[in-house]
Amino acid sequence: GYFDLYGVDVSGQKVSEFIRDAGAGPRALADFRTAQVEGLPVTSQALLNWRPTRAQLRYQRVLMPFAADGGDSVQYLLGAMKLLDLR
């Protein structure tokens with residue numbers, strides 16, 4: 001969905017490289033921080049701003065934290081997003 005909206009594949013990028021601290025960005029960044037710090041899955045439903053047309057689209061997202069070395073420290077987040085309306 002992100003690629004369809006923005007034409008950019010964000011796989012493997014740092015969150016700070018593709019989510020801006022403006023508009024709906026602060027809430028999304030807070031979700032990513034919560035998943036990383038608490039080590040628990042985070043689900044959300046909110047609006048995102050589609051830059052090409054400035055439309056607001058509803059979405060659902062889940063973030064899953066992972067510790068690659070088997071420890072307690074979160075090293076990776078796997079995120080999935082579903083757009084609920086495609087205007």
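The questions that follow take up a salt bridge, a strand pair, a helix residue and a surface patch.

This is a predicted model, in which local features need pLDDT of at least 70 and side-chain atom pairs count only at pLDDT 80 or more, while totals for chains, interfaces and linings use all residues. Residues are numbered from 1 along each chain as its sequence is written, and side-chain values use heavy atoms, with hydrogens and water left out.

Q: Which residue forms a salt bridge with Arg61?
A: A salt bridge is a side-chain nitrogen of Lys or Arg within 4 Å of a carboxyl oxygen of Asp or Glu, and the structure holds 1 salt bridge. The pair links distant parts of the chain, with Arg61 in strand β2 and its partner in helix α2, 30 residues apart, where helices (H or I, at least four residues) and strands (E, at least two) are DSSP runs numbered from the N terminus. The closest N and O atoms are 2.5 Å apart, and the partner of Arg61 is Asp31.

Q: Which residue in β2 stands opposite Leu47?
A: Leu47 belongs to the uncovered face of strand β1 (residues 42-50), together with Thr43, Gln45 and Asn49. Strands β1 and β2 pair in the antiparallel sense over 9 bridges, where pairing requires that DSSP finds at least two bridges between two strands. The residue in β2 opposite Leu47 is Arg58.

Q: How far apart in space are Gly25 and Lys14, C-alpha to C-alpha?
A: Gly25 lies in helix α2 (residues 25-38) and is buried at 7% relative accessibility. Gly25 and Lys14 are 11 residues apart in sequence, and in space, C-alpha to C-alpha, the separation is 14 Å.

Q: What accessible area do Met64, Phe66, Tyr76 and Leu78 have together?
A: These residues form a nonpolar patch on the surface, a patch being made of residues with over 30% relative accessible area and no salt bridge, where like charges are joined within 9 Å and nonpolar side chains (Val, Leu, Ile, Met, Phe, Trp, Tyr) within 5 Å. Phe66, in strand β2, is partly exposed, with a relative accessible area of 42%. By the Shrake-Rupley method with a 1.4 Å probe, in which only the protein chains shown count as cover for residues, the accessible area of the four together is about 420 Å².

Methods. Buried < 20%, exposed > 50% of the residue type's maximum accessible area, 1.4 Å probe, protein only.
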